[in-house]
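Here is a brief report on one chain. It covers surface, strands and ring contacts.

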Amino acid sequence: MHMKLKRHTRNMWKNERSNAQQKNKYPVNRRYGMTTTASFRTGNQSFAAFCYHIMPGYFLCIGIILTFGMTDASNYFDTQGPNFSHEPPSRIEFTNTAGNIADCIAHGNPPPNVEWLDKENNPITSISKVRHILANGSLYFPPFEADEFRQDVHWSIYRCVATNAVGSIVSRDVVVKAVVNQRFEPEVQNPGGFIGSNVLIKCNIPSFVKEYVTVTSWLQEPNFNIYPSLEGDGKNHMLPTGELLVYNITRTDALKIYRCRTHHKLTQDSVVSSNVGKIQLTEMRELVPPIMNEKVVSITARMGDPVVVPCVAYANPKPVYRWHTKRPNNEESIQHLLATGRAKIKDGTLIITALDKSDNGAFFCTATNSEGSETLEVQMSVTSPLTAAIQPTVQTVNLGKTADLICSISGFPKQSISWLKDGHPLRAGARVRLLSKEHMRITSITKEDKGMYQCMVKNDLESVQATAELRLGEVAPQLIYKFIEQTMQPGPSVSLKCSATGNPTPKIVWHLDGFPLPNNDRLMIGQYVTMFGDVISHVNISAVKSEDGGDYECKAISRAGEASHTARLNIYGMPYIRPMPKLSAVAGKSFFLKCPVAGYPIDSIIIEKDGVKLPTNI
């Protein structure tokens, strides 16, 4: 098969040549060049074959077959917003001798990028010796010397952010507390009491480690160990909170000595008090009204956990203890707790075997004897681990329609609920309304509404978040800006631009005369997506040459469809045929052949097969 590529007639060529001597020796006629094609396409394969006849001779073009794979396009279309595979915990505590690490792992398509923010929502960086962001996105706090402690680093709040092309999500608050390792000494008190009364012995922990140290047992010397329990053994009762309650003290009890054994949860060190405690027996016979060291006590415990609340007064004669509540609901009264078996009272000590949400509130213990009375107020805060989930987790909504996001929350207390869009606070307005703290509605959906939504739930103990992705219904690509046909002299630079919209955001690919753009240093392709989801693509050609001419096509592709635009770039110069790979054709199928010819002007293209001229566009 051959093609003849023919210039203008001799007289026209002669006239144009005389005029072109002043302009780079190329004709200046503005007549567009002619393109003749003979080709066909089937499935994802294109076929073409060319032969050109030009002055003064002929060029032979080889038939080729092009197969376009869809793997890259499929991956491009299958987007998924970021989600946490491993979210960092609410608290990270460690000593300066150990260090610690906070892992933040997220998945999505494309794979999300992970970064960390400080409590002011500013991106953080690595700081030598005290804080490092690892290549996998983890936040590492190495061991450090005491004089290297930094409160803005080691006692702070962090959040990790995962971002990809769909949107951004942020983790719950991560409270970081580093403790400089110091030796501590627990100290046992020496409480006083009258014979027959109850005495509470406390193990005082220094304030700088109190948050991390618990009392695990008591030692009544020489070798009697007392461990925490709900009711004790009748004489000694170690409470779950660490105190030792001794019932009905006698003179013998005043001779005993006690030590407390503690455990540091960060260092795993066990420390026994070096001092010993003794009960100071009061020998006075005078009458004393009930006296309590503490009038108000706050207890925070999780639902289902047991709670033991002692009520101990210094008094003579021994007081009578009465527990009560001030709640209108009878099912929340002490009598109801006792009747249902959920609670019992042992010599003034209230024992609740398993806390319920209804136990949240105030309990009162009044100690009374012949000389007066005293009341202890116990503020009981019952908590349950927070969880949150947005329904639906992924929803697709067409433009102009309405989307509802409902945050289902369990656990308590729920002190604050907030909504985020792509990591930033969601602003309510005419279209975005909070029907309740847990229910958000978006009306008249626009392209700007797609992305990642989160509800953040917090209380004083922890915070949790839930994530959902809002996708737009598919909209076929549309070209909103298209380059135009141009005719120019060689030498200057030229830029061809296409912009497309659609959902999902389309990808723009470029072709020249039906083939991928040639690979050379003078030609560069740039593409980016705007904040509104439109894609803009440029082809920039520096120092254009005649062989750069041809039919340029930009094609916007997504799973919703495709749209294309073709316009010719004419560069004055002699005819030029770009090299082509081999083409193949399938018998019985249509065949489409486009001539990859450059140069301008060109009068005609003749296609021949075995010396026989073929018609075009058959």
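The model is predicted: local features need pLDDT of at least 70, side-chain atom pairs count only at pLDDT 80 or more, and totals for chains, interfaces and linings use all residues. Residues are numbered from 1 along each chain as its sequence is written, and side-chain values use heavy atoms, without hydrogens and water.

Of 618 residues, 48% count as buried (under 20% relative accessible area; exposed is over 50%, partly exposed in between).

Seven aromatic pairs are counted. Rings of Phe, Tyr and Trp (its six-membered ring) pair if their centres lie within 6.5 Å; planes under 30 degrees apart are stacked, over 60 edge-to-face, the rest tilted. Two tilted pairs are tabulated.

| Pair | Centre to centre | Between planes |
|---|---|---|
| Phe144 and Phe149 | 6.4 Å | 40° |
| Phe194 and Tyr314 | 4.8 Å | 40° |

Phe194 and Tyr314 are 120 residues apart and link distant parts of the chain. Phe194 is buried at 4% relative accessible area, whereas Tyr314 is partly exposed at 26%. Phe144 is buried at 4%; Phe149 is partly exposed at 30%. Ring pairs also join Phe94, Phe141 and Tyr158 into a cluster.

Charges sit over rings too (NZ of Lys or CZ of Arg within 6 Å of the ring centre and within 35 degrees of the ring normal). Lys177 lies over the face of Trp155, 5.0 Å from the ring centre. Arg327 lies over Phe363 at 4.7 Å.

Notes
Buried means under 20% relative accessible area, exposed over 50%, partly exposed in between (1.4 Å probe, protein chains only). Helices (H or I, at least four residues) and strands (E, at least two) are DSSP runs, numbered from the N terminus.
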